[in-house]
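Q: Hi! I have a chain open on my screen and would like to walk through it with you. Can we start with the helices?

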Amino acid sequence: MQHLEEVKNILSDVLNLNERKKFLTEASPLLGAIPELDSMAVVNVITALEDHFGITVDDDEISARVFETLGSLTAFIEQKLAE
């Protein structure tokens, strides 16, 4: 997971997690566990990830499974980078 810190930083910046960022690990649950991560925030996070990594995420690729944990989100980004 070479991009874990970058994804964590983007997530923290978009959601304004401030000090809570330091408690995020690969296994940290996202959807349902972070109140700020609602449907609009998901769109903002995806947009920020697309901009940062230079990728494109199609609407049908976004699922609860992708946003289950910080690790699953990072794995998804790394898969997109490998395409």
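A: Happy to. One definition to begin: the expected span of a helix is 1.5 Å times one less than its number of residues. Helices are DSSP runs of H or I with at least four residues, strands are runs of E with at least two, and both are numbered from the N terminus.

Q: Good. What should I know about the model and the numbering?

A: This is a predicted model, where local features need pLDDT of at least 70, side-chain atom pairs count only at pLDDT 80 or more, and totals for chains, interfaces and linings use all residues. Residues are numbered from 1 along each chain as its sequence is written, and side-chain values use heavy atoms, with hydrogens and water left out.

Q: What comes just after α2?

A: Gly54, with a positive phi of about 65 degrees.

Q: Which residues of α2 are buried?

A: Ala41, Val42, Val45, Ile46, Leu49, Glu50 and Phe53. Buried means under 20% relative accessible area, exposed means over 50%, and partly exposed is in between, using a 1.4 Å probe and protein chains only.

Q: What do they pack against?

A: Both α1 (4-15) and α3 (70-82). Contact here means heavy atoms within 4.5 Å.

Q: OK, over to α1. How many residues does it have, and how far does it reach?

A: α1 has 12 residues and reaches 16 Å from its first C-alpha to its last, close to the 16 Å expected. Its buried residues are Leu4, Val7, Lys8, Ile10, Leu11, Ser12 and Leu15, and they pack against α2 and α3.

Q: Ser12 is in that list. What does it touch?

A: Not counting residues up to four places away in sequence, Ser12 touches Leu17, Asn18 and Lys21. It has a relative accessible area of 5%, so Ser12 counts as buried.

Q: Now the segment before α1. Which residues does His3 contact?

A: Leaving aside neighbours within four places in sequence, His3 is in contact with Phe53, Thr74, Glu78 and Leu81. At 14% relative accessibility, His3 counts as buried.

Q: And where is Asp60?

A: Asp60 is in the loop between α2 and α3, and at 70% relative accessibility it counts as exposed. Its C-alpha atom is separated by 21 Å from that of Leu11, which is 49 residues apart along the chain.

Q: Let's zoom out. What is the overall layout?

A: The chain has 3 helices and 0 strands, in the pattern α-α-α. Its C-alpha atoms fill a box of roughly 35 × 25 × 20 Å along the principal axes.

Q: What about the radius of gyration?

A: A compact globule with 83 residues would have a value near 12 Å; the chain has 11 Å, which agrees. The radius is taken over C-alpha atoms, and the globule rule is 2.2 Å times the number of residues to the power 0.38.

Q: What share of the chain is buried?

A: Buried residues make up 40% of the 83 residues. Among contacts between residues at least 6 apart in sequence, 61% join residues at least 24 apart.

Q: Last one: what does UniProt list?

A: An unreviewed UniProt entry lists "domain: Carrier" for residues 1-81. UniProt positions are given in the numbering used here, feature names are shortened, and annotations may be inferred rather than shown by experiment. Over residues 1-81 the chain is 48% helix and 0% strand.
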